[in-house]
Amino acid sequence: MDPELLLKIKMGVGVLATVGLYSVLYRENKFYRFWEHMFLGLAAGWAIVALWTESLHDDWYVKIVGNAPEAGSTAPTTPGYWAYVLLLPIGIMGYFVFSRKHNWLSRIPIGIILGLWSGQQVQVWFNRYGPQMADSIKPILPTTSSFFRPGTVGMSPTDAAAANSQVYVSDAITNIIFLITLLSAVSYFLFSVEMKNKFLKNMTVLGRMLLMVGFGAIFGSTVMMRFTLLIDRMYFIFIEFLKNGLFGGT
Amino acid sequence: MAKVERSLGEKLQSLPKPVLYTILILVTSIPQFFPVPLPNKESKSSEDVFNLLTTIPEDQPVLIGSDWTNSTRGESGGLFKSMIRILMRRNIKFAIYTTADPQAPQVAKDVIRLLNEERKANNQKPYEVWTDWVSVGYFANPEGTANSINNNVRAAFADKKSPDAAGAMKPVMDSPVLANVKQVSDFSALVLVTASNTSNVTIERVTKTKLAMMVTGVMGPETQVYYESGQLKGLAIGLKGCYDLETMMAKKWPGKEYVNMDNGAKYYPTLHLALLLLILAVVAGNVGMFMTRKRTVQRGS
């Protein structure tokens, strides 16, 4: 078949799927259900094949049977380690969660996973939050009279580092806002102490309001992202498929 | 039974959903036929991503985490394309791995194929798989993979294979891209294009090389804190980040042989109109609410 025609057919199916999935906005219907199940089936099928070809085959099966490198490869020949086969019954034990009589067996793999996960948590927690705690100590006095940080595109790394090392007036203002936000938001979560002091009470109120501002920003970003996804789908239908595909010949 | 006449205020508060959706589809479709360039002030976090990608040494490969699929093509696709275009222009080799979705490696390969067609059309050398870039493939366990990459990247990728220039499957670590990589710090940077929680998993576990991210708009606020604290060397967020990168690319590579403006330039003006519609809808709902309240008070008095 002509590759261009095949591409148009594939894109046409994509357009039908897009319209089908958006048709739920009008009401629940069979057209929507069809494409929903089609999508789920394709995704599940792809995931199963990919899990075997890209993960289990190389990381588990080949390790059991060993590996003889192909001609020209510098990889060493590796013997098979039969002990890897023991991972299979441990994995299968997880499915005993569906058995009333033997569901205790499912706790063994869950326990192993929890143990591995818990062992990482101290380091993981510190890697994630440690630098943020250190960075909470910010300068609130400017080191230059320039108000705004200059753009660094096109600067040499040394010049960019020098420009970034200054505390500009706008940075100092930002840091003051950050400090007030941090302290007031933290004070909002002090539940073990009764807030009788007027200053502390006002701090918690301010913290609550600033948290709402934060949630609003998150909601705004979410809306923008959803709009972008819709815009991309509309671009696919009207520009890629109709304008360039059907009527543009590309 | 007599039909109750609804006031304008009540009507404004309860516009029928099909009408709103139809208006939204028109607003997000029609402007795409009339692209308008918008002025842009690049954000500092996007600038830092751009500076990182344009200053890293050419003889060191970049490790790319590609954790996005077509569901977030509008944002992640544009960000990914901009990054790959920059790396191709600088002749920097790259390896791509995925931990979020089994579909992601194929999506990334499709984009690279399209960009190679674009390069060929502009008389530029296409990027060859195995020689210039490799796909390390999909890993089922993000946490374990991130740990493994940080501690022993050769062991992490040891079992993965890729077609070489002749099409024969060979271990990725034998490729010219990864042959000199002994540890993760031998990559000039790890750039993660993600639409999922793998951003947190990577920040928590990969600490031995420079880290930059390209995330979706919804992930922006939660990821921004890692950029502010210096854990990320750069951060491009959503469509704005994409448009920022494209604007900076157009300034650095103004020649006609370079395609700079893509998803960002195509979608950004339309996004503004969609947001304007949202604002108008909020205003209409609030005006309707105040009109109804005023009417109720007047009736009561």
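This briefing walks through a structure with chains A and B, one topic at a time. It is a predicted model, in which local features need pLDDT of at least 70 and side-chain atom pairs count only at pLDDT 80 or more, while totals for chains, interfaces and linings use all residues. Residues are numbered from 1 along each chain as its sequence is written, and chains are lettered from A, with ligands numbered from 1, in the order in which they are written.

**Chain B as a whole**

- Chain B has 11 helices and 8 strands; helices (H or I, at least four residues) and strands (E, at least two) are DSSP runs, numbered from the N terminus.
- Its C-alpha atoms fill a box of roughly 85 × 45 × 35 Å along the principal axes.
- Of the 301 residues of chain B, 49% count as buried. A residue is buried if 20 or more other C-beta atoms lie within 10 Å of its own, exposed if 12 or fewer, and partly exposed in between, with C-beta atoms placed from the backbone.
- Among contacts in chain B with a separation of 6 or more, 72% join residues 24 or more positions apart. Two residues are in contact if their C-beta atoms, placed from the backbone, lie within 7 Å.

**Where the chains meet**

- The contact takes 53 residues from chain B and 44 residues from chain A.
- On the side of chain B that touches chain A, helix α11 (residues 263–300) of chain B gives the largest share, 7 residues.
- That side of chain B divides into 21 nonpolar, 19 polar and 13 charged residues. Here Ala, Val, Leu, Ile, Met, Phe, Trp, Tyr, Cys and Pro count as nonpolar, Asp, Glu, Lys and Arg as charged, and the others, Gly among them, as polar.
- Helix α4 (residues 107–135) of chain A and helix α8 (residues 198–205) of chain B have axes that come within 7 Å and cross at roughly 100°. Axes are lines fitted to C-alpha atoms, for helices over the stretch in contact, and angles run from 0 to 180 degrees between N-to-C directions.
- That angle makes α4(A) roughly perpendicular to α8(B) (angles of 65 to 115 degrees count as such, under 35 as roughly parallel, over 145 as roughly antiparallel and the rest as oblique).
- Val124(A), Asn127(A) and Arg128(A) of α4(A) make this contact with Asn200(B), Ile203(B), Glu204(B) and Arg205(B) of α8(B).

**A helix pair in chain A**

- Helix α1 (residues 3–22) and helix α7 (residues 198–246) of chain A pack at about 150°, with their axes 10 Å apart.
- α1(A) and α7(A) are therefore roughly antiparallel to each other.
- By class, their contact has 6 nonpolar, 4 polar and 3 charged residues.

**The largest nonpolar core**

- This core has 89 residues, of which Val62(B), Met83(B), Ala95(B) and Val191(B) touch the most other members. A nonpolar core is a set of buried Ala, Val, Leu, Ile, Met, Phe, Trp, Tyr and Cys residues joined through C-beta atoms within 7 Å.
- The largest share of the core, 9 residues, comes from α7(A).
- Not counting residues up to four places away in sequence, Val62(B) touches residues including Ile56(B), Leu87(B) and Phe187(B).

**Two loop residues**

- Pro37(B) sits in the loop between α2 (17–29) and α3 (44–55) of chain B, and is exposed, with 11 other C-beta atoms within 10 Å.
- Thr143(A) lies in the loop between α4 and α5 (157–165) of chain A, and is partly exposed, with 13 other C-beta atoms within 10 Å.
- Leaving aside neighbours within four places in sequence, Thr143(A) is in contact with Gln166(A) and Val167(A).
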